[in-house]
Structures are given as C-alpha cells and as structure tokens.
Amino acid sequence: MRRYLAVGLDCYFCLITAGLLARPYVNVSTTVTEVLGLLTGPALAFSFLNQVVLTAVAGAGLGKLIMGIRVIRLPDAGRPGLWRLVRRWLYGLSLLPLQPWYGLCSFLARAGTGPDAPHPGTLPNGCTGEPYTDPSGLRQVRRSDLAAHRDAMAFPH
C-alpha cells in the first residue's frame, strides 16, 4: 500500500508542478491540445528529475521519501546506478498505462482456481498473473527494513 501511495504522491507533485509551470501560458482561447502540449514537457522533465536524479542522490523519489521507502539494487541492497534508474523510468512510462490491464489479469488468475478455470498462462494476450517485477533488478523496501538488514549484515551471527 505504501508503494501505491508513493506513486500517487509522485503523480500529484508532477502534475501540480507541470500545471504551475504551464499556467502563465494558458488563457481562455487556449485549446485542450495546446494545454496538453504545455503540460507534457514539464511533466516528463519533473518525472525524470524525481524518478532518476533524486533517486540517484537520495535513494528515492519525493513520494517514496515521504512514505519511508527506498529503492535498492538487488542482490546487495546497494544504491542503484544512473543507467538502471533511467531504464526503470522508461519502463515505468511504458508500463503505467497498462497497469489496470495487468491488475485485471492478475485478479482473474487468482480468482480462476476452480476445476474448469483456465490455466493462468492461457489468459488473453499472454497475461500470466505474475506480480510486478522490475526488469532493472531494483526493489522498493521500507527504510526501517533496510536499516535492519544493514545492521544484520554488519554483525553476522
């Protein structure tokens, strides 16, 4: 739940910032397509700054920092590199519009447990119902869990 709230906060901050930057250029005669064009550039720029630059510097974007989440590299729980973060950002931009579809497929895969239910691998469009996985080898963890893990690794039993 924290991860979803963090994503919501990131989207909120991104849209508010883009709106504030585009507001001086919008008037009564501005069309919807012009407004969308004015919002797209700042929204993408702020998204990049938040998801890539701030995560490289602080270990998480603004929403994740507020929710107490850190982005780590597996398997060593270290800070992710810049190129992994760029790849993750691009993957997120292409995956975000498809999240409702994958959520529905995942729900159908879990709900279809009866004897006549299709196998999860046979859902439409190859949807397997697998949980979210990051192709960059990055994970999101609670800050407190990361601190406990680092303490445990510093003093092995």
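Helices (H or I, at least four residues) and strands (E, at least two) are taken here as DSSP runs, numbered from the N terminus. This is a predicted model, in which local features need a pLDDT of at least 70 and side-chain atom pairs count only at pLDDT 80 or more, while totals for chains, interfaces and linings use all residues. Residues are numbered from 1 along each chain as its sequence is written, and side-chain values use heavy atoms, with hydrogens and water left out.

The chain contains six helices and two strands, and along the sequence these elements follow the pattern α-α-α-β-α-α-β-α. The predictor's confidence in each residue is given as pLDDT, on a scale from 0 to 100; its mean over the chain is 79, and 83% of the residues reach 70 or more. Residues 120-126 have a pLDDT below 50, and in the model this stretch has eight contacts beyond near neighbours in sequence, where contact means heavy atoms within 4.5 Å. Where pLDDT is low, the predicted coordinates should not be read in detail.

Of the 157 residues of the chain, 27% count as buried; buried means under 20% relative accessible area, exposed means over 50%, and partly exposed lies in between, with a 1.4 Å probe and protein chains only. Among contacts in the chain with a separation of 6 or more, 65% are accounted for by residues 24 or more positions apart.

Two packed helices are described by the angle between their axes and the distance between the axes. Helix 2 (residues 32-58) packs with helix 4 (residues 82-95) at an angle of about 145°, and their axes are 9 Å apart; the axes are lines fitted to C-alpha atoms, for helices over the stretch in contact, and angles run from 0 to 180 degrees between N-to-C directions. On the helix 2 side, L44, S47, F48, Q51, V52, T55 and A56 take part, and they meet L82, L85, V86, R88, W89 and L93 in helix 4. Sorted by class, this contact has nine nonpolar, three polar and one charged residues, where Ala, Val, Leu, Ile, Met, Phe, Trp, Tyr, Cys and Pro count as nonpolar, Asp, Glu, Lys and Arg as charged, and the others, Gly among them, as polar.

Q51 counts as buried because its relative accessible area is 15%, and, not counting residues up to four places away in sequence, Q51 touches D10, K64, L85, R88 and W89. L54 also lies in helix 2, but counts as partly exposed because its relative accessibility is 28%. With residues up to four places away again set aside, L54 touches L49, G59, A60, G61, L62 and L65; the C-alpha atoms of L54 and L65, eleven residues apart along the chain, are separated by 9.9 Å.

The largest nonpolar core has six residues in all, namely V52, V71, L85, V86, W89 and L138; such a core is a set of buried Ala, Val, Leu, Ile, Met, Phe, Trp, Tyr and Cys residues joined through side-chain atoms within 4.5 Å. Helix 4 gives the largest share of this core, three residues. Leaving aside neighbours within four places in sequence, V86 is in contact with F48 and V52.

Two further residues lie elsewhere in the chain. R23 is found in the loop between helix 1 (2-22) and helix 2, and counts as exposed because its relative accessibility is 62%; its C-alpha atom is separated by 9.0 Å from that of V35, twelve residues apart along the chain. D145 has its place in helix 6 (residues 143-154) and counts as partly exposed, at 40% relative accessibility. D145 and I69 are 76 residues apart in sequence, yet 9.3 Å apart in space, C-alpha to C-alpha.
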